[in-house]
Amino acid sequence: MTLQTNTLYYGDNLGILRDYIPDASVDLVYLDPPFNSNRSYNVLFKEAGGTSSSPAQIEAFEDTWHWGKVAQDTFEQIALHGSDDTARLLKAMVDALGHNDVTAYLAMMAVRLIELRRVLKPTGSIYLHCDPTASHYLKVLMDSIFGARHFVNEIAWKRTTAHSDSRQGSQHFGRTHDVILFYRRSGDATWNAPHEPYSQEYSDTYYKFVDESGRRYWKDNLTAAKPGGDTSYEWKGIKPPKGRYWAYSRANMERMDREGRIVYSRTGVPMYKRYLDEMLGRPVQDIWDDVRGLGGLGSKKEERLGYPTQKPLALLERIISASSDEGDVVLDPFCGCGTAVHAAQKLGRRWIGIDITYLAINLIERRMKDAFPGIAIRVEGVPVDLPSAQDLAARDAYQFQWWALSKVDAVPAGGDRKKGMDRGIDGIIPFVEQG
């Protein structure tokens with residue numbers, strides 16, 4: 001099996017992972033699976049030119065999972081082919097919670113997480129994006145699959161500012177964050193520590209000194225609690241305080257003094273000039289409140305594609321930069337509108353995207369070609385001839401309809417596909433009137 005990168009796969013990610021993605025071939029997995037939030041999402045299509053929005057909406061996917069034959073078959077498959085720990089855990093969850101939407105969702109996720117662990121390299125990492133209604137169940141599940149010792153962070157991403165629905169009778173604190181569960185495949189994973197700029201308040205408080213060249217600096221301590229070699233000497237008549245040592249050897253102190261990196265207090269105590277312009281910034285913590293979602297004030301409207309679960313590009317850039325290097329392979333098995341693959345391409349990574357709706361695949365292909373003119377994208381699973389088109393029509397008439405519309409650059413007409421409210425109109429081709 002040869003790994004194909006810069007490829008979009010249309011189809012169920014479980015089958016595609018098994019058939020097309022080799023063992024230990026992926027450096028980073030990001031997945032934002034549909035939450036079990038009991039609602040249907042719609043894709044809002046913009047008119048040609050992007051200046052106005054069509055009122056037509058097409059259902060892209062439903063994220064409600066019901067316990068039925070598929071869930072039961074998946075549950076039995078894990079019992080037969082999954083690890084003993086995962087099988088026992090899932091059985092305990094089903095026994096405790098019953099055969100319902102939550103356990104159907106967990107079974108669906110478990111079998112896919114097992115495959116995602118298989119395709120990760122030993123140096124690989126996985127980030128699972130979810131919401132607090134499911135994160136606790138998914139964390140326990142990931143502990144059993146990836147190993148609790150390989151859990152790294154539970155990241156809280158503040159996706160929106162203050163949110164109040166008290167007028168609708170809510171009796172809870174505002175729900176403003178998503179959860180991102182970060183695991184590594186092993187203890188030797190790729191890591192590029194991300195930083196964010198210091199706040200103005202922090203800079204003004206600590207980097208308040210300015211040298212003759214106009215550079216701001218902080219007077220940092222030059223002593224240490226433990227000795228590290230030649231560190232007990234007297235420096236220009238000054239010895240370290242009792243129980244302390246110099247942080248640098250005499251040779252390094254002499255070098256720093258020659259370079260003008262040491263400043264002295266009124267009593268002659270040496271201190272290190274730590275320049276603001278040389279600092280990387282504040283290491284990013286596990287609460288991310290500096291990346292705005294795409295729905296609120298201050299969000300980047302130019303990024304919006306009308307896809308309801310779209311995530312900001314900056315969010316994926318942070319994840320991909322931190323846990324992969326240039327040329328690495330990034331996989332998104334629920335790629336939706338393609339933010340992860342967009343960020344991967346922008347950062348010089350190779351990528352693979354999988355989605356079960358043709359609408360998403362078509363949207364991503366258009367997005368990538370708009371963002372990266374001339375890019376070569378491989379698309380697998382869509383019809384390429386009459387027999388494959390007939391096969392798609394037989395399997396899913398709506399997916400066939402959306403595929404056919406894309407071939408003539410038509411915008412899907414609106415309405416709930418279940419109620420047939422499109423009045424027989426499958427799509428619309430916008431024309432620009434020439435004056």
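1. Basis. This is a predicted model, in which local features need pLDDT of at least 70, side-chain atom pairs count only at pLDDT 80 or more, and totals for chains, interfaces and linings use all residues. Residues are numbered from 1 along each chain as its sequence is written, and side-chain values use heavy atoms, with hydrogens and water left out.

2. Hairpin. β13 and β14 form a hairpin with five residues between them, and G268 in the turn has a positive phi of about 90 degrees. Strands here are DSSP runs of E with at least two residues, helices are runs of H or I with at least four, and both are numbered from the N terminus. Three bridges join β13 to β14 (residues 270-275), and the two run antiparallel; strands count as paired if DSSP finds at least two bridges between them. V263 stands opposite M271 in β14.

3. Five of the six residues of β14 are buried, where buried means under 20% relative accessible area, exposed over 50% and partly exposed in between (1.4 Å probe, protein chains only).

4. Main core. The largest nonpolar core has 46 residues, and M109, L113, I126 and L138 have the most contacts inside it. Helix α4 (residues 101-119) gives the most to this core, with 11 residues. Apart from it lies another core of 32 residues, among them Y127, V284, I319 and F372. A nonpolar core is a set of buried Ala, Val, Leu, Ile, Met, Phe, Trp, Tyr and Cys residues joined through side-chain atoms within 4.5 Å.

5. Helix α4. Of its 19 residues, 14 are buried. N100 caps the N-terminal end of α4, with a side-chain oxygen 3.1 Å from the backbone nitrogen of V102. Leaving aside neighbours within four places in sequence, L113 is in contact (heavy atoms within 4.5 Å) with residues including L31, I126, L128 and F146.

6. T86. This residue is in helix α3 (residues 84-97). T86 counts as buried because its relative accessibility is 1%. Beyond its neighbours within four places in sequence, T86 is in contact with I78, I114, L141, S144 and I145.

Terms used: A polar contact is a pair of N or O atoms within 3.5 Å; within protein, one must be able to donate a hydrogen and the other to accept it, and residues adjacent in sequence count only if both atoms are side-chain atoms.
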